[in-house]
Amino acid sequence: DGEVAVLELARRLLVRGASLDSVPNLARRCGGVYVESRERHLNHAEDLGRYDFCVFDRLRHFEHYCQRGLMEGKIGLERREPGIFYCNAGRGCAYDCSFCGGGRSAQRFIAGRINVAWRPVPAMLRDLLRMPDYGLDTWYNTFQPSRDEDWFLEMFAAIRGAGLRIKMIQECLHV
């Protein structure tokens with residue numbers, strides 16, 4: 001997970017001569033030698049509830065990252081239709097599909113993640129409500145529904161309760 005790591009890395013790079021040794025989740029070459037930091041940070045539900053993912057005010061040309069066709073490699077300089085908000089409902093995976101490099105075993109090996117972390121519904125709704133401000137009308141989620149699908153039922157009820165009219169693309173690789 002990069003949210004804490006990237007922020008900490010940026011802080012260290014601003015200070016001349018600051019050590020990068022305690023930046024979490026960092027792998028780098030140091031004098032030609034591969035070095036990994038000992039510090040690790042995995043986002044849990046509480047962390048995912050604090051982050052704002054639909055705030056594009058400081059990102060130049062955000063509309064190019066949110067346009068339709070991006071996943072297919074079709075990026076145009078002129079945007080003619082509402083865009084897509086790519087934001088997962090959580091982190092990790094409950095499954096171990098043979099074709100996927102991001103499944104449960106891969107998550108454990110790569111990141112040390114042993115549990116799935118769902119983003120709190122109020123935090124997800126907060127971001128979804130910002131979508132119209134950026135000309136976005138579709139939420140794209142690749143986070144897989146698990147055996148316990150209560151989160152999605154709660155999320156859809158919150159969307160309806162807020163009167164938000166959006167489309168959704170749910171990439172579902174595990175049936």
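This text walks through a predicted model, from one end of its chain to a hairpin and then to a pocket.

Start with E3. This residue is found in helix 1, which covers residues 3-14. E3 is partly exposed, because its relative accessible area is 24% and the buried class ends under 20%. Its side chain makes a polar contact with the side chain of N43, at 2.7 Å. E3 also lies along the chain from L42 by 39 residues, yet the C-alpha atoms of E3 and L42 are separated by 9.4 Å. Leaving out residues up to four places away in sequence, E3 touches N43, Y51, F53 and R91.

Is N43 buried or exposed? N43 counts as buried, because its relative accessibility is 0%. The side chain of N43 meets the side chain of E3 in the polar contact at 2.7 Å. With neighbours within four places in sequence set aside, N43 is in contact with D1, E3, L48, Y51, R91, R113 and A117. Y51 and R91 are among the residues that E3 touches, and N43 is in contact with Y51 and R91 as well.

Next comes the hairpin. Strand 1 and strand 2 (residues 33-36) pair in the antiparallel sense, over four bridges. Two residues lie between these strands in the hairpin. C30 stands opposite V33 in strand 2.

R28 is buried, because its relative accessible area is 16%, under the 20% limit. What does the side chain of R28 make a polar contact with? The partner is the side chain of D21, at 3.0 Å. Beyond residues up to four places away in sequence, R28 touches L20, D21, V33, Y34 and V35.

Last, look at the empty space. Rolling a probe the size of a water molecule over the atoms shows where such space is left. The largest pocket holds about 250 Å³. It is lined by 17 residues, and the closest to its centre are G92, C93, G102, T142 and Q144. How does the lining of the largest pocket divide into nonpolar, polar and charged residues? Seven are nonpolar, nine are polar and one is charged.

Conventions:
Residues are numbered from 1 along each chain as its sequence is written. This is a predicted model: local features need pLDDT of at least 70, side-chain atom pairs count only at pLDDT 80 or more; totals for chains, interfaces and linings use all residues. Side-chain values use heavy atoms; hydrogens and water are left out. Buried means under 20% relative accessible area, exposed over 50%, partly exposed in between (1.4 Å probe, protein chains only). A polar contact is a pair of N or O atoms within 3.5 Å; within protein, one must be able to donate a hydrogen and the other to accept it, and residues adjacent in sequence count only if both atoms are side-chain atoms. Contact means heavy atoms within 4.5 Å. Two strands pair if DSSP finds at least two bridges between them. On a 1 Å grid over the protein atoms alone, a cavity is a set of points where a 1.4 Å probe fits but cannot get out, and a pocket is an open set with protein on both sides within 12 Å along at least five of seven lines; lining residues have an atom within 4 Å of a point. Grid points are joined across faces, edges and corners, and a volume is the space filled by probe spheres set on the points. Ala, Val, Leu, Ile, Met, Phe, Trp, Tyr, Cys and Pro count as nonpolar, Asp, Glu, Lys and Arg as charged, and the others, Gly among them, as polar.
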